[in-house]
Each structure stands twice: as C-alpha cells, then as structure tokens.
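Work through the following exercises with the sequence and the model side by side.

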Amino acid sequence: MAWWKAWMEQEGVTVKGSPHFNPEPDAEALYTAMKGIGTNEQAIIDVLTRRSNMQRQQIARSFKAQFGKDLTETLQSELSGKFERLMVALMYPPYRYEAKELHEAMKGLGTKEGVIIEILASRTKNHLREIMKAYEADYRSSLEEDIQADTSGYLERILVCLLQGSRDDVSGFVDPGQAVQDAQDLYAAGEKIHGTDEMKFITILCTRSATHLLRVKCTRNLHSYFAERLYYALKGAGTRDGTLIRNIVSRSEIDLNLIKCQFTKMYGKTLGSMIEEDTSGDYRNALLNLVGSSA
C-alpha cells in the first residue's frame, strides 16, 4: 500500500514548490523587493508562498551568499505584524518551527496548553524525536523537562508519555480483539476517572496508532481535528492568528488539501472563504496562496 500512501500525501499537499527551481533569481527578487525605501510585499508573497520549505532554505543560503545578509532577519526588519509573523514562519525548517512554537507556548507567565497538545498529540513518533532534537539544539534545554516544569497532573503525564515515542505509527493494521479490549478498558476507566485507573487512559492514548484509536472511537479523524482548530481560529470576534498561521504553515506540505475537504464537510463553507472574511491585505493574500485553489 506504499503507492496509496504516497498518492494520498501528494494529494494533501497545497504547496508543492517550483518544478524548475533556481534559488539565485529568487534570492535576487527578494533582495530587490526589500531594497531601498518601501517594500514590495507582493513580490515576497509570490516567491515564499510558492516554494517548498526545502527550496526556501536554499533561497536563504543563496541570499546570504549573494548579499551577505540573513534572509529571515531582513524579513523581520522590513515587514511587520501578522504578515511578518507568517513570512518568518515559512522560513523555519519544519522541526525547528514546531520546536519554536512549543518554546513560545511555555515562555513567560502562563502556558498555552492547547498549542502543546496540538503538536504533541498529532505528530508521529519520528516527527516528535526530530522536534525534541531541534528544541534541545536551539534552546539548550530538554523539551520533556520544560513540559514537566510548566504543566502538572494528568496533562503532564499524558504529554510526557507522548514524548517517549511509544505510539505505534504503523497505522494500516488494527487488531480487532485489542480494539475491543481497549474500548472496554477505556469505558471502565472512564467510570473511575478520578481513581487509579486514569493510567489506563494514558497508556491507551499514548501507545496506540491513530487508526487503532479511531476503531476504538476514542479519538477523531486527524483532518477533522485540524479543520476544527482552523474553524475556531477564524470564527467569532477576532482571529487566533497564532493557531491559523501554525496550522496552515505546518500542514501545507503534508495534508492541507485533505483538511480543507473535511473543513467544507463539517462547516458548509470553504477554509478560503473564511480567511477572506476574517483577514485582510498582504496577510490574507499570503494565506490564500498557501491554502491553494478551490480553498
């Protein structure tokens, strides 16, 4: 079934990069867009939202080689607000970006538990290992120890359990007998959630594959989860821009098309239409480019 997985992954991607890619002219276009008085935001959007993350890293290297400047720092100095935040997010390698989001969720007063749960509960164990490496390299600190310091109780135990990489990512096979047993165990533990059996929840939720958990019906489809995160980031007064940017950037080269389809099924409107209603200017144009056609 490897061909099916590869096809599904390709179908899910909204940002596929340039097929005839050359980093040098892209770096020159970005330099010209930010040179002198004023900035050509549309030129920046045209380059960065239409290149894959790997291509953006090559553009950054070419930018530094040609002009002696760091591209991300130049973007930060020339842009501002939500548009700057989005463009800078695009320049991070994926694991470093998610490590940054986790670090910022725990920085200062208060902890943004929703961000931590979103990232840790939806990534594969190999992906989590790479995030942990990136976190330690960038912040000289252990992600697990920082989570333990910033969370407590039941949530802390689940998050630390997820970080151990015990979850089985081979999701094509489900043992029906094990699924039935887990369903019974979860129901029984739920009757006594305030007692010692809360560890039963933690064990099952942290060690079973996503497909297995769907069979047990204790978690939802991953695309539904991200569709909901995006919907509530846009719904009502104000936009939760951090959630919107993080999920569009991090899923654009994985499964954003599939999330968009689920979004329309669940809410009767397209993700793109809600972005058009709730955002404006260069920020909106860049988001719509990343979300893609028939958004």
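**Exercise 1.** Determine which residues Ile-259 is in contact with, leaving aside its neighbours within four places in sequence.

Solution. Taking contact to mean heavy atoms within 4.5 Å, one finds that Ile-259 touches His-223, Phe-226, Ala-227, Leu-230 and Arg-251 once neighbours within four places in sequence are left aside. With a relative accessible area of 0%, Ile-259 is buried, the classes being buried for under 20% relative accessible area, exposed for over 50% and partly exposed in between (1.4 Å probe, protein chains only). Finally, the C-alpha atoms of Ile-259 and Glu-228 are separated by 9.3 Å, although the two residues are 31 residues apart along the chain.

The model is predicted, so that local features need pLDDT of at least 70 and side-chain atom pairs count only at pLDDT 80 or more, whereas totals for chains, interfaces and linings use all residues. Residues are numbered from 1 along each chain as its sequence is written, and side-chain values use heavy atoms, with hydrogens and water left out.

**Exercise 2.** Is Met-274 buried or exposed, and which residues is it in contact with beyond its neighbours within four places in sequence?

Solution. Met-274 is placed in helix H18, and its relative accessible area of 4% makes it buried. Leaving aside neighbours within four places in sequence, its contacts are Tyr-231, Leu-234, Lys-235, Phe-263 and Lys-269. For Leu-234, which is 40 residues away from Met-274 along the chain, the separation of the C-alpha atoms is 6.8 Å.

**Exercise 3.** Describe how H18 packs against H19.

Solution. Two packed helices are described by the angle between their axes and the distance between the axes. Axes here are lines fitted to C-alpha atoms, for helices over the stretch in contact, and angles run from 0 to 180 degrees between N-to-C directions. The axes of H18 (residues 271-278) and H19 (residues 281-291) come within 10 Å and cross at roughly 175°. That makes H18 roughly antiparallel to H19, since angles under 35 degrees count as roughly parallel, over 145 as roughly antiparallel, 65 to 115 as roughly perpendicular and the rest as oblique. On the H18 side the contact is made by Leu-271, Gly-272, Ile-275 and Glu-276, which meet Arg-284, Leu-287, Leu-288 and Val-291 of H19. These residues divide into 5 nonpolar, 1 polar and 2 charged, where Ala, Val, Leu, Ile, Met, Phe, Trp, Tyr, Cys and Pro count as nonpolar, Asp, Glu, Lys and Arg as charged, and the others, Gly among them, as polar.

**Exercise 4.** At what angle do H6 and H16 pack, and which residues meet?

Solution. Helix H6 (residues 81-91) and helix H16 (residues 241-251) pack at about 30°, with their axes 10 Å apart, and are therefore roughly parallel to each other. From H6, Lys-82, Arg-85, Leu-86, Ala-89 and Leu-90 meet Asp-241, Gly-242, Ile-245 and Val-249 in H16. The contact of H6 with H16 comprises 5 nonpolar, 1 polar and 3 charged residues.

**Exercise 5.** How many salt bridges does a search of the whole structure find, and where does the pair of Asp-26 and Arg-51 lie?

Solution. A salt bridge is a side-chain nitrogen of Lys or Arg within 4 Å of a carboxyl oxygen of Asp or Glu, and the search of the whole structure finds 11. In one of them Asp-26 pairs with Arg-51, the closest N and O atoms being 2.6 Å apart. Asp-26 lies in helix H2 (residues 23-34) and Arg-51 in the loop between helix H3 (41-48) and helix H4 (53-67), so the pair ties together parts that are 25 residues apart in sequence. Asp-26 is buried at 8% relative accessibility, and Arg-51 is buried at 14%.

A second pair, Glu-130 and Lys-133, meets at 3.4 Å, N to O; both residues lie in helix H9 (residues 125-139), 3 residues apart, about one turn of the helix. Glu-130 is partly exposed at 29% relative accessibility, while Lys-133 is exposed at 53%.

Technical notes: Helices (H or I, at least four residues) and strands (E, at least two) are DSSP runs, numbered from the N terminus.
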